[in-house]
Amino acid sequence: MKKILIANRGEIARRIIRTCDRLGIETIAIHSEADGDLPYVSEATEAAAIGPNPVAQSYLQADNIIEEAVKRNAEAIHPGYGLLSENADFARKVTDAGLIFIGPKPEVIETMGDKLGSRHTMKQAGVPVVPGTAEGVSDIDAAVMEAKEIGYPLMLKASAGGGGIGMVLCENEQALTQQFDSVKNRAKAYFGNDIVYLEKFIANARHIEVQIFGDESGNIVHLYERNCSVQRRNQKVIEESPSPDLPESARAKLCEAAVQAARAVGYTNAGTVEFIVDENNDFYFLEMNTRLQVEHPITEEVTGVDLVEWQINVARGETLPGQDTIRTSGHSIEYRIYAEDPKTFFPSPGTLAVLKWAAGARIETGYEEGNIVTPFYDPMIAKVILTGASREEVLEKSRKFFDGTAIEGVKTNLPLFDRFIESKPFIEGNYATAVLAQWLTQQKEEKTV
């Protein structure tokens, strides 16, 4: 494998380029008109303009992307995360064009990309799933009947959803009735599929995921777990590994279940099995992400493994190391820094007039000072990864990092993180998925007193 086209942009493109450079592999960066001046474009061996700013006219143009790869003699395409990374049709077109898709097989992407289908597959494999409907619910009358069997509160979810889009908590029948058509319409608009289903809401749950890998010889390994419970609007903003407040026995069972899930579908390359873990450390399958995750750097930090290198090795037919060779050491936390109003979470596009990072962190960013965060794409500026021998050490490093970092020209969630990491639940490490929302509510109440 001598040349790879990266079907993505920004920080993940830079991340892939960095590993490819080390391995002596040439890279092709694709870019829209808005992204032409971003660092990843000049850091790649070659660059290809792919279209206008809207993603539908550039980064989602599968045929154009594959055409560029063939024309420029690439042997493989790395999809990164988001965009076309979990698009089975894209993966199929890549292989049909005689190229290597650096990810799982299209059939696996298809099976696990459908939340209802994946729930059924996991149930058959003996992996615990959250109680809910076995099929999609077509109308509100059917939904109300099913809800009476499941019990409130419950989650109304889009079967093809992802990234927190197409899922709503319904506390009662009135909420379900009010939200039903809205979620179906949103699912149709975002994913081209309006099938929705109901799932029991697990109170005080943690969102814990396990990094898995498979190779073409049928070997499946895990690289332990990450806690992703600090979320806003069902989207992760802080992740850490190992998961605090998780007994070793529960960690072992989670990792074993993740390997079992991957083996059930003949998984290859990088993937993540996500679980909901309740107060008793009982866990339930949530979904499988058939790609590299945004938060993969914290796993790299505690295991010492370059996951992008493993992806490339598996894609070219190499065998994975044995499970007994994979160890973890220390603690790592990732903070997702967004160009957004920390009070409303609305995007805040603009020019990064000042972008000064304090020392002591691994920074994964698609931007440099003077670049523009446009309104066309996800407003994440960077992922800040802090690692130490213990969680306490990482929290102290975090305090110093936020104090010494400056971003001007756009609003960011840096001030929110600076205050939130001092909250009692986060310091103690015994938080659930509602922790950020609860803390924000408490902050507002304290200001009004």
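Predicted model: local features only at pLDDT ≥ 70, side-chain atom pairs only at ≥ 80, totals over all residues.
**Entry 1: cysteines**

I looked for disulfides next and found zero in the structure. Cys228 takes part in none, and the nearest cysteine sulfur to it belongs to Cys255, 13 Å away. A disulfide would need the two sulfur atoms within 2.5 Å. Cys228 has a relative accessible area of 0%, so I noted it as buried.

**Entry 2: the cavity**

How many cavities of 30 Å³ or more does the structure hold? I found one. The largest cavity has a volume of about 50 Å³. I listed 13 residues lining it, and those closest to its centre are Pro79, Ile102, Gly103, Thr290 and Arg291. Sorting the lining by type gave me six nonpolar residues, six polar and one charged. Where does this largest cavity lie? It sits between domain 1 (3-102) and domain 3 (206-446), because both give residues to its lining.

**Entry 3: aromatic pairs**

I then turned to the rings and counted 14 aromatic pairs. I picked out the pair of Phe90 and Phe101, with ring centres 6.2 Å apart and planes at 85°, so I wrote it down as edge-to-face. Phe90 belongs to helix H4 (residues 88-96) and Phe101 to strand E5 (residues 100-101), so this pair ties together parts 11 residues apart in sequence. I looked up burial for both: Phe90 is buried at 1% relative accessible area, and Phe101 counts as buried at 8%.

My other pick was Phe213 with Trp310. Their ring centres are 5.4 Å apart and the planes meet at 85°, so this pair is edge-to-face. Which parts does it tie together? Phe213 is in strand E9 (residues 206-214) and Trp310 is in helix H11 (residues 307-315), so the pair links parts that are 97 residues apart in sequence. Phe213 is buried, at 0% relative accessible area, and Trp310 counts as buried at 11%.

Conventions:
Residues numbered from 1 in each chain as written. Heavy atoms only, no water. 1 Å grid on protein atoms, 1.4 Å probe; cavity = no way out; pocket = protein on both sides within 12 Å on 5 of 7 lines; lining within 4 Å. Points joined across faces, edges and corners; volume = space filled by probe spheres on them. Nonpolar A, V, L, I, M, F, W, Y, C, P; charged D, E, K, R; others polar. Domains from an automatic or database assignment. Buried < 20%, exposed > 50% of the residue type's maximum accessible area, 1.4 Å probe, protein only. Phe/Tyr/Trp six-rings, centres within 6.5 Å; stacked < 30°, edge-to-face > 60°. Helix = DSSP H or I, 4+ residues; strand = E, 2+ residues; numbered from the N terminus.
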